[in-house]
Amino acid sequence: MENKLETLFESADRYFKQGSFLESLFCYRDALQNPDVSDRGLELAYWGAGESLMNLGLFYEAIAYLKQAIKHNDQDYNYYYLLADCYLKLLQPKEAQKCLAKSLDIKPNHPELLRCLGWSYILEKKNREGINLLKKSLSFEENNLRTLCDLAVAYMNLHNHRQSQIIIEKAKKISPQDPMVLDIEAANKHFGAAYRQLTK
């Protein structure tokens with residue numbers, strides 16, 4: 001049975017890396033049903049199934065599996081991070097903040113965790129709190145494109161279109177043709193022009 005379990009995990013990993021997330025999910029679920037699976041195996045299978053579901057866009061379903069992974073190991077910051085990401089995708093920033101607080105307890109000042117926490121505040125329209133966290137994230141990883149884009153959006157929400165464009169220009173120097181950067185720039189120009197018209 002051990003060889004069967006090993007084959008299931010190897011197949012799940014291979015399918016996941018190939019982008020065949022449904023197949024990887026089936027392998028992880030089969031591993032969970034195996035009577036010989038260890039506690040560590042259960043942890044990894046719940047984690048793998050959760051990530052597979054996330055990649056399939058099934059965030060509600062992923063949450064249940066990730067919570068099980070945490071039950072087996074509550075000291076892995078990545079599980080809380082993935083759980084927070086699910087809540088952010090479902091536009092539940094307060095739930096995400098609880099997970100990110102636990103994640104940051106384990107991994108303080110991690111730039112990606114700070115970015116996500118900053119974005120969670122932006123979703124709540126607490127843009128200034130979000131900006132402070134995004135700036136803190138950038139102090140550890142100054143050229144992170146995603147964080148720069150989130151910061152540009154936060155300034156745009158505050159109608160500070162000039163500062164938003166400054167951030168966008170920095171992002172463009174890193175990746176001139178990045179679709180996310182170009183979309184935010186177009187939105188900033190559009191809303192900036194509309195805001196100037198309204199305030200005339």
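Here is a walk through the structure above, from the overall layout to single side chains.

The model is predicted, so to speak of local features a pLDDT of at least 70 is needed, and side-chain atom pairs count only at pLDDT 80 or more, while totals for chains, interfaces and linings use all residues. Residues are numbered from 1 along each chain as its sequence is written, and side-chain values use heavy atoms, with hydrogens and water left out.

Let us start with the whole chain. It has eleven helices and zero strands, where helices (H or I, at least four residues) and strands (E, at least two) are DSSP runs numbered from the N terminus. Taken along the principal axes, the C-alpha atoms fill a box of roughly 75 × 30 × 30 Å. Of the 200 residues, 46% count as buried; buried means under 20% relative accessible area, exposed over 50%, and partly exposed in between, with a 1.4 Å probe and protein chains only. Among contacts (heavy atoms within 4.5 Å) between residues at least 6 apart in sequence, 49% join residues at least 24 apart.

Now to the interior. A nonpolar core is a set of buried Ala, Val, Leu, Ile, Met, Phe, Trp, Tyr and Cys residues joined through side-chain atoms within 4.5 Å. The largest such core has 41 residues, and M54, L83 and C86 have the most contacts inside it. Helix 1 (2–18), helix 2, helix 3, helix 4, helix 5, helix 6 (93–106) and helix 7 (111–123) each supply at least two of its residues. The largest share, nine residues, comes from helix 5. Apart from this core lies another, of 18 residues, including I122, A152, I168 and A171.

An α-helix has 3.6 residues a turn, so residues three or four places apart point the same way.

Next come the rings. Rings of Phe, Tyr and Trp (its six-membered ring) pair if their centres lie within 6.5 Å; planes under 30 degrees apart count as stacked, over 60 as edge-to-face and the rest as tilted. By this rule there are four aromatic pairs. The rings of F9 and Y28 have centres 6.2 Å apart and planes at 65°, so this pair is edge-to-face. It links helix 1, which holds F9, to helix 2, which holds Y28, 19 residues apart. F9 is partly exposed at 23% relative accessible area, whereas Y28 is buried at 10%. Y46 and Y65 form a tilted pair, 6.1 Å centre to centre with 50° between the planes. Y46 lies in helix 3 and Y65 in helix 4, so the pair ties together parts 19 residues apart in sequence.

Finally, visit the loop between helix 2 and helix 3, where N34 lies. N34 is buried, with a relative accessible area of 6%, and its side chain reaches the backbone nitrogen of D36 at 2.9 Å.

Conventions:
A polar contact is a pair of N or O atoms within 3.5 Å; within protein, one must be able to donate a hydrogen and the other to accept it, and residues adjacent in sequence count only if both atoms are side-chain atoms.
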